[in-house]
Structures are given as structure tokens and as C-alpha cells.
Amino acid sequence: MDYTIFMKSRACLSTILALLLVVFAAVPSYASSETASAAPSALIGTISLVFILLLLFIAIVLFFWLRRNIFRPITKLNMAMLCITEGNFNHALEEDAKGEIGEIYQSYEDMRLRLKESAEDQIEVEKTNRELISNISHDLKTPITAIKGYVEGIIDGVADTPEKMDRYIRTIYNKTNDMDKLINELTFYTGIDTKRIPYNFHKIKLTDFFGDCVEEVGLELEAKNIHLDYSCFVSAETVIIADSEQLRRAVNNIIDNGVKYMDRSKEECKIEIRLLDEADSVKIEIEDNGRGIAAKDVGQIFERFFRTDSSRNSARGGSGIGLSVVKKIVEDHGGYIWASSRENEGTCIHVVFRKYSPTTEDSHFV
Ligand SMILES: Nc1ncnc2c1ncn2[C@@H]1O[C@H](COP(=O)(O)OP(=O)(O)OP(=O)(O)O)[C@@H](O)[C@H]1O
Ligand SMILES: [Mg+2]
């Protein structure tokens, strides 16, 4: 039982005992002073009176005690519960109540804070979903409007030469490709976001992985007149735990951006990949000398649908999903990612992964 309630009950009991003692002390002296015949009835009367007074006193004390320690806190709790049922999670019970009531208040507070948190999360999810739908509608509407326009042009006979017809059909084809890419990206994003795409983690030798990447991507970049520089400062034995397919997707997305946002007016367009050793971890830097990102935007480029071209009308821009996918993949691998950039000078994406160490990690990875 709680200490304060125990102390109060003890105080009540002591008062009752004291009163009883007074009564029993008074009775013999009273009896001796009266005549023998009148004594019994007077004595009974006095004892009854004292008992009635005593009972009254106990009832009053009990009433106030119950009101202060039980009824009031329960009424307060009831009011607080009513607030919760009405969806108001801001009614706190922060009183300094102790004992059982204090514990009930504490449980109420825990429940209230948890409900408040989940209600806030729910609002945030709803907001993100609304944003998602509005962005998808916008990004799908743009190519659909263009396709509609070109098809109408063909129907109305505006494309009256074979060259024009060819141009119209190519544009329609490119726009449908854009839509296809957007839908694929969104499907993938929701897949990893809701954990419907499971990762297939393995031990990966970092130098082998990037060696293959560079070989594959180098030719594509060369065809686009972009020079690829690869420097590796980690040992050939450096291993990380990763899903190579998803890691490749992340690296490709970063390189795609380097190409897409390249400043073609520069004498030499280049992308550099650097692997750096940092004791327990490895750092991968992918840097371009493209148009760069304004300081106010750098912190936001990993947000879903963020584009520095906020009007979303640039022919060059994508849908702003690429880097959010990269961030999700890196973080699901236990890594960190951030960007540094200078306008008109270039952008560098930094990724850090923990090295695999057979002594500290599970040996079930192959
Ligand atoms: N290397 C870069 N140089 C300059 N700006 C960049 C670079 N990488 C990203 N950005 C800016 O960050 C924004 C978000 O990039 P992200 O890859 O997420 O989307 P996106 O390239 O617009 O579209 P998506 O990749 O989905 O096709 C881009 O729109 C661009 O404005
Ligand atoms: Mg991109």
C-alpha cells in the first residue's frame, strides 16, 4: 500500500484509539461518583453518546479523506479520459499524486503521450500522401498533355511532312518513356518504403564492386563526352555488407544526376568517384563539376519530390525521387549520406558505410 495513505490511515486509527481511551478512562470515575442503582443506565447512555460522536467523527474524517484522495482524483481522471475520447490529447495530468492514484495518472500520461504521438504521425502521413498524390498527378499530367497535343496535331494533319510526323512520333515515344520511368520509380519507392522489396544482403568487396561499376558506366559517360575519374584508397580486402543490386541503383542515380545537371558550357565535363579509407568505415565520394546547387537547397535534395527547379517545368529535371531512393537505400544499409555543393562549381555526394569485420559481426553473411 502507498506510504501516504498508510500514514493517513494510521493517524485516523490513532485518533479513534485516543478517543476510546478517553471514554474508558472517563467511565470508572463517573461510575464511582454516582449511586449504584442509577449508574448502569447513565453509563450506557454516556457510552452510546460517545460512540455516536465517535462514529460521526470517523464518518466525517473518512468522508473528507475519501473525497480528497479518491473521489477528486477519479473525477479528474474521468474528465481527462473524456478529453481523450473527444480526440483532445493535450489534457495533461501532471499533478504530484503519489501511490496508486499517482501510478494511474502516470499510466494515463504515458497513454496520452503515445496517442498524441501516433495522431501526429497519422497527420504527417496523410500530409505526405496528399503531397505524393498531387506531385504524381502533376508529373503524369505534363507528359499526358504533351502526348495529347501531338496526337491532336497528327489527327488534324499538322504533321504534314514525313519529317514532322517522325518528330511528333518520337516526342510521343519519349513522353511515354518519361511516364513509364516515373511509374517504375514510384513503384520501387513505395516498395522499399513499405518494406515490400526485401534486401538481399551479402559480403561485398568494395573494390570489385566499384571496379565493375566504373567499367560499365565509364563507356556510357565517354559516349556523352564526360570524363570519369576513379581513385581508390581502400585495400582490396575491404568488405561491406550490402545488397549489390540496390547499391548499384543508388550509385547509378547519383551518377545520372551528375550527367543530367552537368554544365555543358565547361571545357571539361567530369565525374570523379573516390573510395576513401576511414578506419572502421569507408567513404565513397561521387563528385561532378556541373552546375552545382544553391546553399539554401543542398539540405533538401534528399527529400522526396524536391527539385531545385521548384516549378517542376524544366525539360531537364526529373521527378525528384532519385536521391530520396538513394538515401533510403543507404540508410537501410546502416550508412550515412550527405551532399556538399557550390553553385557553378559542382556537387559532391558523400556516402559512408561501416566496414565488415568478421570478429564483431554475425558470420551468417556469405
Ligand atoms: N549533381 C547535381 N547537380 C546539381 N543539382 C543536383 C544534382 N543532384 C541533384 N540535384 C538537384 O536535386 C534535385 C533532386 O534530385 P533527385 O535525383 O532526387 O531528383 P531528379 O533528378 O529531379 O529526378 P529523378 O532522379 O527522380 O529522375 C534535382 O532536381 C536537382 O535540382
Ligand atoms: Mg535524379
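**Figure 1. The largest nonpolar core of the predicted model.** In this predicted model, the largest nonpolar core comprises 34 residues. Those with the most contacts inside the core are Ile240, Ala250, Ile254, Ile286 and Val326. Two or more residues are contributed to this core by each of the helices α5 (206-223), α6 (244-260) and α8 (322-332) and by the strands β3 (239-242), β4 (270-278), β5 (281-288) and β7 (346-354). Beyond the residues up to four places away in sequence, Ile240 touches Ile204, Leu206, Val282, Phe353, Lys355 and Tyr356. The chain as a whole has eight helices and seven strands, and buried residues account for 17% of its 366 residues. Among contacts between residues at least 6 apart in sequence, 67% join residues at least 24 apart.

**Figure 2. Helix α8 and the elements that cover it.** The buried residues of α8 are Gly322, Leu323, Val325, Val326, Lys327, Ile329 and Val330. Val326 is also one of the residues with the most contacts inside the largest nonpolar core. The cover over the buried residues of α8 includes α4, α6, β6 (336-342) and β7. After α8 comes Gly334, which has a positive phi, near 80°.

**Figure 3. The packing of α4 against α8.** Helix α4 (residues 162-193) packs with α8 at an angle of about 25°, and the two axes are 11 Å apart. Because this angle is under 35 degrees, α4 is roughly parallel to α8. The crossing in which α4 passes α8 is left-handed. On the α4 side, the contact is made by Phe188, Tyr189, Ile192 and Asp193, which meet Ser324, Val325 and Lys328 in α8. By class, the residues of this contact are four nonpolar, one polar and two charged. Val325 belongs to the buried residues of α8 as well.

**Figure 4. The packing of α3 against α4.** The axes of helix α3 (residues 99-155) and α4 cross at roughly 160° and come within 9 Å. An angle over 145 degrees counts as roughly antiparallel, and α3 is therefore roughly antiparallel to α4. This crossing of α3 and α4 is left-handed. From α3, the residues in the contact are Ile136, Asp139, Leu140, Pro143, Ala146, Ile147, Tyr150, Val151, Gly153 and Ile154. Their partners in α4 are Met165, Tyr168, Thr171, Ile172, Lys175, Thr176, Asp178, Met179, Leu182 and Leu186. The contact of α3 with α4 contains 14 nonpolar, three polar and three charged residues.

**Figure 5. Phe233 in the loop between β2 and β3.** Phe233 is located in the loop that joins β2 (227-232) to β3. Because 11 other C-beta atoms lie within 10 Å, Phe233 is exposed. Apart from residues up to four places away in sequence, Phe233 touches Leu275, Leu276 and Asp277. The C-alpha atoms of Phe233 and Leu275 are separated by 5.6 Å, although the two residues are 42 residues apart along the chain.

**Figure 6. Residues other than glycine with positive phi in two loops.** Ala279 lies in the loop between β4 and β5, and its phi is near 55°, a positive value in a residue other than glycine. Ala279 has 6 other C-beta atoms within 10 Å and is therefore exposed. Asn344 is found in the loop between β6 and β7, with a positive phi near 65°. Asn344 counts as exposed because it has 11 C-beta neighbours inside 10 Å.

Notes
Residues numbered from 1 in each chain as written. Chains lettered and ligands numbered in written order. Predicted model: local features only at pLDDT ≥ 70, side-chain atom pairs only at ≥ 80, totals over all residues. Core = buried A, V, L, I, M, F, W, Y, C linked by C-beta atoms within 7 Å. Buried ≥ 20, exposed ≤ 12 C-beta atoms within 10 Å, placed from the backbone. Helix = DSSP H or I, 4+ residues; strand = E, 2+ residues; numbered from the N terminus. Contact = placed C-beta atoms within 7 Å. Axes fitted to C-alpha atoms, helices over the stretch in contact; angles between N-to-C directions. Parallel < 35°, antiparallel > 145°, perpendicular 65-115°, else oblique. Left-handed = near helix turned anticlockwise from the far one by under 90°. Nonpolar A, V, L, I, M, F, W, Y, C, P; charged D, E, K, R; others polar.
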